[in-house]
Amino acid sequence: MGAYDFTTYQTGTDASQAFRDAVEQAQYEYGHGGYTGTIAEKDGYKVVSDAPLTMDEAEALANQIMSDHDHPLQDKHGPAGAIPVLTGERQVTVTIPFTAASYRTTAEAAAAVLAQEGRLLPGEDVAYGITGVYETCPRTGRIRKGSLTVPLNGGPLEHRGWLFFGYASS
């Protein structure tokens with residue numbers, strides 16, 4: 001059997017939990033049968049940088065390691081490489097309290113609640129991909145209350161995830 005190289009980003013500051021989440025997601029997407037060429041084939045990881053890097057720096061380091069033909073992380077049966085990543089993206093959950101004032105869109109509702117609660121960091125904006133459960137007014141269709149999971153971007157760089165990379169059996 002052969003091998004494919006892979007890289008995958010996973011949110012979370014704890015490397016062990018992020019690794020488990022990344023493997024679980026790959027198994028969900030590619031199956032449990034083995035030989036997927038993804039992180040699903042890996043049993044462990046090895047951190048290759050103590051300092052968190054930006055995504056561009058982390059990808060460059062991963063590419064450098066993967067192009068070094070004698071590096072131990074090139075073993076398809078060995079551990080994945082792991083690099084802590086700095087990002088300005090994060091995800092928050094907001095509760096929209098029942099109010100007579102309603103919102104036209106989930107983005108409008110999320111932005112209003114985040115601003116009201118002072119939870120937006122300098123430079124942050126509500127990103128595309130809001131999910132949640134909410135109630136709308138039957139007459140107007142506007143959002144009245146509920147709970148939303150809101151992706152945010154543009155905030156200060158912080159360690160919020162891991163880039164995993166390596167070779168895996170295919």
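1. The largest pocket of this predicted model is lined by Tyr9, Thr11, Met55, Val85, Thr87, Glu89, Arg90, Gln91, Pro151 and Arg160. Two or more of the lining residues come from each of the elements β1, β4 and β5 (90–96).

2. The space in the largest pocket amounts to about 270 Å³.

3. Helix α1 comprises the 16 residues 15–30. At 1.5 Å a residue the helix should span 22 Å, and because its end C-alpha atoms are 22 Å apart, the model agrees with that expectation.

4. Which residues of α1 are buried? They are Ala15, Ala18, Phe19, Ala22, Val23 and Ala26. These residues lie on the same side of α1, because they cover an arc of only 135 degrees around the axis. The spacing is in keeping with a general rule: an α-helix has 3.6 residues a turn, so residues three or four places apart point the same way.

5. The other side of α1 presents a contrast in exposure, for Glu24 and Tyr28 are exposed there.

6. The cover over the buried residues of α1 includes the strands β1 (3–11), β2 (45–47), β4 (80–87) and β9 (158–169). Of these, β1 and β4 are also among the elements that give two or more residues to the lining of the largest pocket.

Notes
Residues numbered from 1 in each chain as written. Predicted model: local features only at pLDDT ≥ 70, side-chain atom pairs only at ≥ 80, totals over all residues. Heavy atoms only, no water. Helix = DSSP H or I, 4+ residues; strand = E, 2+ residues; numbered from the N terminus. Expected span 1.5 Å × (residues − 1). Buried < 20%, exposed > 50% of the residue type's maximum accessible area, 1.4 Å probe, protein only. Arc of directions from axis to C-beta. Contact = heavy atoms within 4.5 Å. 1 Å grid on protein atoms, 1.4 Å probe; cavity = no way out; pocket = protein on both sides within 12 Å on 5 of 7 lines; lining within 4 Å. Points joined across faces, edges and corners; volume = space filled by probe spheres on them.
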